[in-house]
Amino acid sequence: MLKGMRAEPAGMETAKTKTAMDILAAIFMTAAIIVMAGMAAWQALFAMPFRVERDCRGQGVEAGTLRSWEETGNMEMLGLADLAGWRVEPWQTVSSVSTRRRQRSQVIAVYGAMELVMDTRTLSGRCGMDAEGDGEEYCVLSQGLAGHLFGSVDVAGECVRTETGRYIVAGVVEYEGDVLMVPTKEGAMDHIAVLFRSRAGAEEKMGRVMEGVGVCGTGDAGGF
């Protein structure tokens, strides 16, 4: 009996110790979750690139306007990683040189980084260039158009023809519709997209970009 009575306080002490350890573990786990959430929020706000798009149709913005604005050094000052302007052109028949397949496609003339035109991912190849120093012009296909012309998205280096030119495929982006993006250095722009180095202050900076290219107000967001 006495032996049992002596064991009871020891058991109670062990239980109290275990409870305290459980509480400490819960506190540490909660603190870790808070720290991780804070780091994720910091990364989203300050460390991850952020894309902003604006509609500038009828505002007199041309490819030359964007080029002149870039040359003033504003890109670095405002923390811009990249910039693009584009306009939607009439549908054209696009044909593959190798497979001889043809497909009617939406054509988008792009000044600057082609990967900014669609807020989507690149499936193969790369985007954003209009030439490789070899005199060739490069284009980007949507997933849908690549499938119709080649039956695959792995078509970098293939050649396509339109009613107005010949292009080497640089890459393919994820989009089910038939879209061909081709480079341009002149003409009116319907949309502007900017990739900021971080989200912090991006909307206010986009307003300054729009003012810099002669657009009153910030413009509306919109797709092609």
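**Reading contacts, strands and burial**

Modeller: Among contacts (heavy atoms within 4.5 Å) between residues at least 6 apart in sequence, 76% join residues at least 24 apart. The model is predicted, so local features need pLDDT of at least 70 and side-chain atom pairs pLDDT 80 or more, while totals for chains, interfaces and linings use all residues. Residues are numbered from 1 along each chain as its sequence is written, and side-chain values use heavy atoms, leaving out hydrogens and water.

Colleague: How many helices and strands does the chain have?

Modeller: Helices (H or I, at least four residues) and strands (E, at least two) are DSSP runs, numbered from the N terminus. Here there are five helices and nine strands.

Colleague: Which strand is joined to β1?

Modeller: Two strands pair if DSSP finds at least two bridges between them. Strand β1 (residues 50-55) has six bridges to β9 (residues 191-196), and the two run antiparallel. Asp-55 of the chain faces His-191 in β9.

Colleague: How many residues of β1 are buried?

Modeller: Buried means under 20% relative accessible area, exposed over 50%, and partly exposed in between, with a 1.4 Å probe and protein chains only. In β1, five of six residues are buried. Of the 224 residues of the chain, 37% are buried.

Colleague: Why does Ser-142 count as buried?

Modeller: Ser-142, in strand β5 (residues 138-142), counts as buried because its relative accessibility is 0%. Leaving aside neighbours within four places in sequence, Ser-142 has contacts that include Val-172, Tyr-175 and Asp-178.
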